[in-house]
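Subject: Structure handover

Hello,

Here is the structure you asked for. My notes follow below it.

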Amino acid sequence: MSRRALLFGVACAGGVGVAALFNTNLFYALITEDVAGAQLTAPQAHAAAVEGKITLIDIRRPDEWARTGSGEGAHRVDLRRDDFADALLTLTDGNKDAPIALICARGVRSARVANQLAKAGFTRIIDVPEGMMGSAAGPGWLKRGLPVVKEG
């Protein structure tokens with residue numbers, strides 16, 4: 001890449017365009033919100049979910065679930081649902097203090113939703129920032145070879 005093109009990318013996109021050209025994970029790191037709460041790696045989230053220590057929520061879209069499956073132990077709740085928070089309360093028997101871990105594709109949506117839920121009064125929201133596909137936080141559920149459920 002020419003120096004001129006590099007400078008143009010920095011000037012026009014504030015560096016995000018350049019990050020996208022060189023490293024997808026860096027791109028996602030630049031657009032992901034910081035999360036005030038706890039974080040888990042994909043293996044930690046898997047272990048805690050199958051042991052019943054957390055409620056793991058795959059917040060991606062149905063087409064994403066169909067393409068890759070969801071992590072074993074995860075509940076599928078599309079974040080675009082109008083009753084998203086109510087659906088989480090149903091899964092936790094109305095307990096806003098129950099530990100809920102959120103996973104998406106690369107940690108961008110889960111960080112955003114974690115912050116929104118904290119503002120809505122949920123007290124133990126946990127982010128899985130590497131997501132299913134990997135990010136700057138880690139290789140992701142799929143590359144780590146963690147079990148997935150394809151149906152339902």
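Glu130 and Arg144 join their side chains in a salt bridge, at 2.6 Å from N to O. (A salt bridge is a side-chain nitrogen of Lys or Arg within 4 Å of a carboxyl oxygen of Asp or Glu.) Both residues lie in the loop between E6 and E7, 14 residues apart. Glu130 is buried, because its relative accessible area is 1%. Arg144 is partly exposed, at 36%. (Buried is under 20% relative accessible area, exposed over 50%, partly exposed in between, with a 1.4 Å probe and protein chains only.)

Before the rest, the ground rules. This is a predicted model: local features need pLDDT of at least 70, side-chain atom pairs count only at pLDDT 80 or more, and totals for chains, interfaces and linings use all residues. Residues are numbered from 1 along each chain as its sequence is written, and side-chain values use heavy atoms, with hydrogens and water left out.

Salt bridges

The structure has nine salt bridges. Another one pairs Arg109 with Glu64, at 2.8 Å from N to O. Arg109 sits in helix H7 (residues 108–119) and Glu64 in helix H5 (residues 62–68), so this pair ties together parts 45 residues apart in sequence. (Helices, H or I, of at least four residues and strands, E, of at least two are DSSP runs, numbered from the N terminus.) Glu64 is buried, at 7% relative accessibility. Lys53 and Glu51 also meet in a salt bridge, at 3.0 Å from N to O. Lys53 is exposed, with a relative accessible area of 56%.

Sheet

Five strands make an open, parallel sheet in the order E1-E6-E5-E2-E4. E1 (38–39) and E4 (74–76) are the edge strands; each has a single partner strand, so one side of each lacks a neighbour in the sheet. (Two strands pair if DSSP finds at least two bridges between them.) E1 and E6 share two bridges, and Ala38 stands opposite Ile126 in E6. E2 pairs with E5 (residues 100–103) over four bridges. Here Asp58 faces Ile103. Three bridges join E2 to E4, with Leu56 partnered by Ala74.

Which way do the side chains of E2 (residues 55–58) point? Thr55 and Ile57 point one way, Leu56 and Asp58 the other, and all are buried.

Surface

Met133, Leu142 and Val148 make a nonpolar surface patch of about 180 Å². (Patch residues have over 30% relative accessible area and no salt bridge; like charges are joined within 9 Å, nonpolar side chains, Val, Leu, Ile, Met, Phe, Trp and Tyr, within 5 Å. Areas are Shrake-Rupley with a 1.4 Å probe; for residues, only the protein chains shown count as cover.) Met133 is partly exposed, at 31% relative accessibility.

Best wishes
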